[in-house]
Amino acid sequence: MPELPEVENIKIGLKPNVINKKILNVTYSNIISESHKNGKLALVKDELSYFSDNVIGKEILDLERRGKYVYFTLNEGYLVTHFGMTGAYFVVNDEREITNKNYYKHRHIIFELSTGEKLVFSDIRRFGELRYLDNISNFKPFKNLAPEPFENNSLDYFLAKLEEKKYKLQKIKALLLEGNVFCGCGNIYACEVLYREKINPERTADSLTLEEKKRIFETLVEILKFSITQGGSTISDYVHSDGGEGNMQNYLKIYGKKECPLGHETENIIIKTRSTYFCPVCQKN
Ligand SMILES: [Zn+2]
């Protein structure tokens, strides 16, 4: 699943290719049209006619990221996208330029742009979400989301959240994945930061010292920043808008590993339904 660094890279790659272009038309794959006819809102979370009516004729003024969402600011309203497990955008002159066979096969939403190019949303597993919104500030997933990790107030916010009754007895590994506590961490990065800080993933928030909490936060921000410079991680299906792949997987120390960098055998446990890699020796405490 694309996490914050991957989504940031999607945004960086896509933005110069869409800005100041107008959406002239939208077409949908048969799978999407059929699913909507059957009352299932696959990919597009609006009625297709509503979505089309609201994006056709609009100009793309900006592209921004919030958490794992990107949103196009149109000259009126917003086109909000979540990539789910395997969503991806491509800007091409000809759809055959999508060289990844799976993405070519699963291209579902095609925006025709005023330059003659196409903005294609492909999604193999179809857990992605696109919607048109008049007003972004009313969008529920943004309302309780922690501040962006690179914003000034985000550390104080994080520390305060870990003290809240609702959270303080929960495991730190689970809390890092809680968007209300930390914005845009994701499972891989949660495992990595706890390994680097030698903290056992099953520790509860209230068992951590202030110093440990700060170190977790600061190291996590560093990992995310570094991952952005590496183009994110390519673990399975994620590709950039230009079809390129990220390098962050080459720098992972614990996620998906049989041994930690010191040669100890890792363990893989489930915490709140998510697979959690850790080293029982390095992360004893
Ligand atoms: Zn170890």
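Let me begin with a term: donors here are N, O and S atoms within 2.8 Å of the metal, or 3.2 Å for Na, K and Ca, and since water is not among the atoms, sites may look incomplete. What you see above is a predicted model, in which local features need pLDDT of at least 70 and side-chain atom pairs count only at pLDDT 80 or more, while totals for chains, interfaces and linings use all residues. Residues are numbered from 1 along each chain as its sequence is written, and side-chain values use heavy atoms, with hydrogens and water left out.

Turning to the zinc ion, its protein donors are Cys260 (SG), His264 (ND1), Cys279 (SG) and Cys282 (SG), which lie 2.1 to 2.3 Å from the ion, and in sequence these donor residues follow the spacing C-x3-H-x14-C-x2-C. The 4 donor atoms subtend angles of 99 to 119° around the zinc ion, so the arrangement counts as tetrahedral, a label given to four donors if all angles lie between 85 and 135 degrees. For comparison, ideal angles for four tetrahedral donors are 109.5 degrees.

Are Cys279 and Cys282 buried or exposed? Both are buried, because Cys279 has 0% relative accessibility and Cys282 has a relative accessible area of 13%, where buried means under 20% relative accessible area and exposed over 50%, with partly exposed in between (1.4 Å probe, protein chains only).

Finally, on disulfides, where the rule asks for a pair of cysteine sulfur atoms within 2.5 Å, the count comes to 0.

Notes
Four donors count as tetrahedral if all angles lie between 85 and 135 degrees; four count as square planar and six as octahedral if opposite donors are over 155 degrees apart and all others between 65 and 115; anything else is irregular.
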